[in-house]
Each structure stands twice: as C-alpha cells, then as structure tokens.
Amino acid sequence: MKTSADPVRDYLSAVEREGSALPADRRQELLADLAEHIEVTRAERPDAPIGEVLAELGDPRTIAATALAEAGSALTGAPARSGAGAPLRRGKVHPLVPLLMLTLSLPFMMVFPDLPGPLFGVLFRITGAVLLCTSVHWTAVQKTTGVLLTAVLPSAVIATWNLSGAPAGTPSLVANLITLALLAGAAAWLWRVRRA
C-alpha cells in the first residue's frame, strides 16, 4: 500500500472522504478549520510530532460523523451533539472574553490614566487580540478585520495623538469616545457574526 509523504494532507483527505455526505460548503469550512487548527498548533509547538497534533484532533471518521450530526440537527433545529455529548467545535475561551478585553482596554486607560491604566489597557488589548486570532468562533477574514478594528487602528490613533503633542482636555476625550464607539461597534459585529 502506497502512503503519502504528507500526513496532514492524508488526514484532511480522510476527513473529506468520510464527510462526503456533508454539503460542499460545510465540508470545505470543516477542512479549512482543521487546516487552520493544525497550522496554529504547529506554530505554537514546532517540536511536537505531526502525528501527535493529528491525534489530538481526533479520528477523521469521528470528526466527519459529528459534523454530519451537526448538519442534520441544524436542518431540524435540534442541538448538535457529538458522541460524548459535547458540541464538536468548542473553543477553550468563551467568544465574549476577547471581545470584552478588546473593548474594555480603552475605558480602563481612560479611568486610570496614570501608570497602571495604560499598562493593563495594553495587556488587555494584546491578550484580546491573541484570543481573537486563536478562536474557533470566527473565520480568518473576520479575525483579521476584528484585530485591525479593535487593536491596530485604536493603537495607531492613540499613538498618533500622544506623539502629536496635542494638549490634553476635551478634544482627547472626544477622540477617546469616538475610538470607544469604534471598539464597541466592532465587538458587536464580531459577536453577531460568530460561529456557535
């Protein structure tokens, strides 16, 4: 029997083969999620053997069966469960956590403008962005847009404002409130488009 030199491709092919009864768009979404998870895990743990990473994901037949059960229950409106009684795609962190961290980073800096505020605000923003990027609840495009709107753009605006030498007072409050509205709007959008 001839085996491929790429175990990831073999694994994804097995999931695709086992999930052939899934609708094409759902099957492609499942494969993309698995490939992204493998890529992130390999980046986080470069020394881990690929076989160990794939074993952590589970048996391709079980993954496909759970996805089929989810697809069937989504059509009937019943809650989707795997064989163990838990949903197939369950993030380690609730999707509200990164959104709150990203949104509350600015108010924390506004309420505590001295040393602890900016430090914790930046830590909240970085942690929220990392949790958003590693979450299973959004697509790659949604993650990128979310990080740009909630972490990069506000940080650039604040840095530009601070480096411009503008006097503190009402204009900075207005800029902060506009930035806070942007953060809240982006977080609300991300919450609305999240995957269960």
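Is Glu-52 buried, partly exposed or exposed? Select Glu-52 and look. At 37% relative accessibility, Glu-52 counts as partly exposed. Keep in mind throughout that this is a predicted model.

**Stop 1: around Glu-52**

Glu-52 and Arg-45 form a salt bridge, and their closest N and O atoms are 3.4 Å apart. Arg-45 is partly exposed too, with a relative accessible area of 32%. Arg-45, Glu-52 and Glu-56 belong to one network, joined by salt bridges that share partners. What brings such groups together? Side chains of opposite charge can pair when their charged atoms come close.

**Stop 2: helices 1 and 3**

Select residues 7–18, which are helix 1, and residues 50–57, which are helix 3. At what angle do helix 1 and helix 3 pack? The angle is about 20°, and the two axes lie 10 Å apart. An angle under 35 degrees counts as roughly parallel. Helix 1 and helix 3 are therefore roughly parallel to each other. Turn the view to follow how they pass. The crossing of helix 1 and helix 3 is right-handed.

**Stop 3: Arg-9 and Asp-6**

Now select Arg-9 and Asp-6. These two form a salt bridge, with 3.6 Å between the closest N and O atoms. Compare how open each residue is. Arg-9 counts as exposed, at 53% relative accessibility. Asp-6 is partly exposed, with a relative accessible area of 28%.

**Stop 4**

Select Glu-36 and Lys-143. Their side chains meet in a salt bridge, 2.7 Å from N to O. Which helices hold the two residues? Glu-36 lies in helix 2 (residues 24–44), while Lys-143 lies in helix 7 (residues 140–163). The pair therefore ties together parts that are 107 residues apart in sequence. Check the surroundings of each partner. Glu-36 is partly exposed, with a relative accessible area of 24%. Lys-143 counts as buried, at 5% relative accessibility. How many salt bridges does the model hold? The count comes to five.

**Stop 4**

Select residues 96–111 for helix 5.

**Stop 5: a nonpolar patch**

Select Leu-96, Leu-100, Leu-104 and Trp-191. Together they make a nonpolar surface patch of about 330 Å². Which helix gives the largest share of the nonpolar patch? Helix 5 does, with three residues. Trp-191 sits in helix 8, residues 170–193. How open is Trp-191? Trp-191 is partly exposed, with a relative accessible area of 30%.

**Stop 6: Trp-161**

Finish at another tryptophan. Select Trp-161, which is found in helix 7. Trp-161 counts as partly exposed, at 29% relative accessibility. Trp-161 and Ala-175 are 14 residues apart along the chain. How far apart are their C-alpha atoms? Draw a line between the two atoms to see the gap. The C-alpha atoms are separated by 8.8 Å.

Terms used
Residues numbered from 1 in each chain as written. Predicted model: local features only at pLDDT ≥ 70, side-chain atom pairs only at ≥ 80, totals over all residues. Heavy atoms only, no water. Patch = residues over 30% accessible without salt bridge, like charges linked within 9 Å, V, L, I, M, F, W, Y side chains within 5 Å. Areas by Shrake-Rupley, 256 points an atom, 1.4 Å probe, with all protein chains shown as cover. Salt bridge = Lys/Arg side-chain N within 4 Å of Asp/Glu carboxyl O. Helix = DSSP H or I, 4+ residues; strand = E, 2+ residues; numbered from the N terminus. Buried < 20%, exposed > 50% of the residue type's maximum accessible area, 1.4 Å probe, protein only. Axes fitted to C-alpha atoms, helices over the stretch in contact; angles between N-to-C directions. Parallel < 35°, antiparallel > 145°, perpendicular 65-115°, else oblique. Left-handed = near helix turned anticlockwise from the far one by under 90°.
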